[in-house]
4 protein chains.
Amino acid sequence: MKNFPSSANSPNKNSVGPLTSPSIPIELRVRYSETDRMGVAHNKNYFEWFELGRTEFCRQQGISYKDIEERGYYLVVVESFCRYKRPLHYDECFLVWTSLRNITPKKAVFVYELKTREGQTLIAEGYTVHIAVDRNGAVSPLPGDIVEKMKPPS
Amino acid sequence: MKNFPSSANSPNKNSVGPLTSPSIPIELRVRYSETDRMGVAHNKNYFEWFELGRTEFCRQQGISYKDIEERGYYLVVVESFCRYKRPLHYDECFLVWTSLRNITPKKAVFVYELKTREGQTLIAEGYTVHIAVDRNGAVSPLPGDIVEKMKPPS
Amino acid sequence: MKNFPSSANSPNKNSVGPLTSPSIPIELRVRYSETDRMGVAHNKNYFEWFELGRTEFCRQQGISYKDIEERGYYLVVVESFCRYKRPLHYDECFLVWTSLRNITPKKAVFVYELKTREGQTLIAEGYTVHIAVDRNGAVSPLPGDIVEKMKPPS
Amino acid sequence: MKNFPSSANSPNKNSVGPLTSPSIPIELRVRYSETDRMGVAHNKNYFEWFELGRTEFCRQQGISYKDIEERGYYLVVVESFCRYKRPLHYDECFLVWTSLRNITPKKAVFVYELKTREGQTLIAEGYTVHIAVDRNGAVSPLPGDIVEKMKPPS
């Protein structure tokens, strides 16, 4: 039996509550090359936008993702999910709100919400699951200071 | 409370069983531009590959996705998910196996498995959920002949 | 005999002079997904950045490219060129300076320079040639007010 | 004064003659995600297709580009050019014909022609100029055996 998330069988389209804090926003605008012949942003771009969101999240927490890699740690994506609520059109501005659901030395889960700039209507939401590996792809737990910096203040 | 698939909290890494039949394979090779600075294919490309898989699935069932759009129906993606099991390197060949988990006039769920060419080791797996809309994005149930053609023979 | 630009045979690597004014800058940052396994931004992304540059150029001249398309005119690319001077790395910030070399109702030529934020070192330079067509791809000269708005003040 | 190829000022749209031999074809199909809201393939994708063409060219000459990199040599793109003759639509099949205009230990120039599968109508043509560097980006002339393998038989 498949062990996919249950939504593969019965997608749940209810709206969701607020992200856990802190939630960091970035503002983006849909590029022409990100649209497809339906006239809206193609589904794969959302995962690039999630990445931009978590990059800025890390930077705001005081550690750039580039620095993490330069110290020899890589947060590879082992799972990614997106639920699309309404389309995004060319040249439209929107916000990506990023939050860290949880982090341990071995694993991190980021959660994302895309919202309209005006009114904060939900456009899409999703998550990515990451594990910490070294340059060779072997599991390599993150040092305590990185986990501490990324962890939301309690 | 968030209603994301439970795997956002506890990703399940067990291997999964075979796809429902028929399962259609396509062979792809990792493009240079699809790699990132880790030296492996970037996570967003998998959703483009899923799309290539379901395009060929439709074609094999006797109806090209282009024809579906030309008749005024669009299968927009409302949910997408991928679980990454092992990295893909530049110039590596792999297979995308695509299967249709279920289809009704209003909704279709495609399921995907990426496997190595030799040995059929699982590289990644995922699904996409689609709803049928018209050119303006309004829900528009698929005509019976399209559903019949895409539906796996029972 | 091929009538390609002569640089196909003997690329000229001299530095170039300043752009014709006005030259509009935008600031961008290299996305992780824009890097390739050499660790630098892939060559195809520069053409996406050029597009972002000319989009902002139009907006600053008082007419958004989206508006031009909504009035039924499309500035399709018939030629594009880029000369790469030095690589761009992940998370690096840079400027795209865009200038309009000339515009007539039927044709426009945009010129671009990518520069480092500090020091304004040249990273890359290029151009794109566009012709004005209608929704069906037939040549369709731009109305005077659009040409006037885009044309640099003399 | 700008030293761009003269076509930036007066693009030449005459058709061009046949490629120098050998010219290696690959067949591609336009992916949905490669289209934009005009309904045709976005201009940046042509440079990705050129790359696929020269990758296959090298493979056919007996040396994969991956092998070249594994031996420590990188053929970085220092110039790229494309002239677009007619649009490419979703799901359309086409051929990329790749030829090596010239190669020395320090530099290689590849030339490309995109043609329709039926009738071999010219869709686009272009070139890329490459210089050989080592892993650190320093100029590093290619060893003789690589140049010999890639060089067209005379």
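Two strands are taken to pair if DSSP finds at least two bridges between them. In the predicted model considered here, strand β2 (residues 74-84) of chain D and strand β5 (residues 122-133) of chain D meet this criterion, pairing in the antiparallel sense over ten bridges. Within this pairing, V77(D) has H130(D) of β5(D) as its bridge partner.

The β2(D) and β5(D) strands belong to an open sheet of ten strands with antiparallel pairing, in which the order is β1(C)-β3(C)-β4(C)-β5(C)-β2(C)-β2(D)-β5(D)-β4(D)-β3(D)-β1(D). The edges of this sheet are formed by β1 (24-29) of chain C and β1 (24-29) of chain D, each of which pairs on one side only. From one strand to the next, the twist averages 25°. Helix α1 (residues 45-60) of chain C lies across β1, β2 (74-84), β3 (93-103), β4 (107-116) and β5 (122-133) of chain C, and also across β2 of chain D, and the helix runs at about 125° to β2(C).

In chain B, attention turns to a loop residue, D134(B), which is located between β5 (122-133) and α3 (144-150) of that chain. Although D134(B) and Y73(B) are 61 residues apart in sequence, their C-alpha atoms are 5.1 Å apart in space. When neighbours within four places in sequence are left aside, D134(B) is in contact with G72(B), Y74(B) and S140(B).

Terms used: Residues numbered from 1 in each chain as written. Chains lettered and ligands numbered in written order. Predicted model: local features only at pLDDT ≥ 70, side-chain atom pairs only at ≥ 80, totals over all residues. Heavy atoms only, no water. Helix = DSSP H or I, 4+ residues; strand = E, 2+ residues; numbered from the N terminus. Axes fitted to C-alpha atoms, helices over the stretch in contact; angles between N-to-C directions. Contact = heavy atoms within 4.5 Å.
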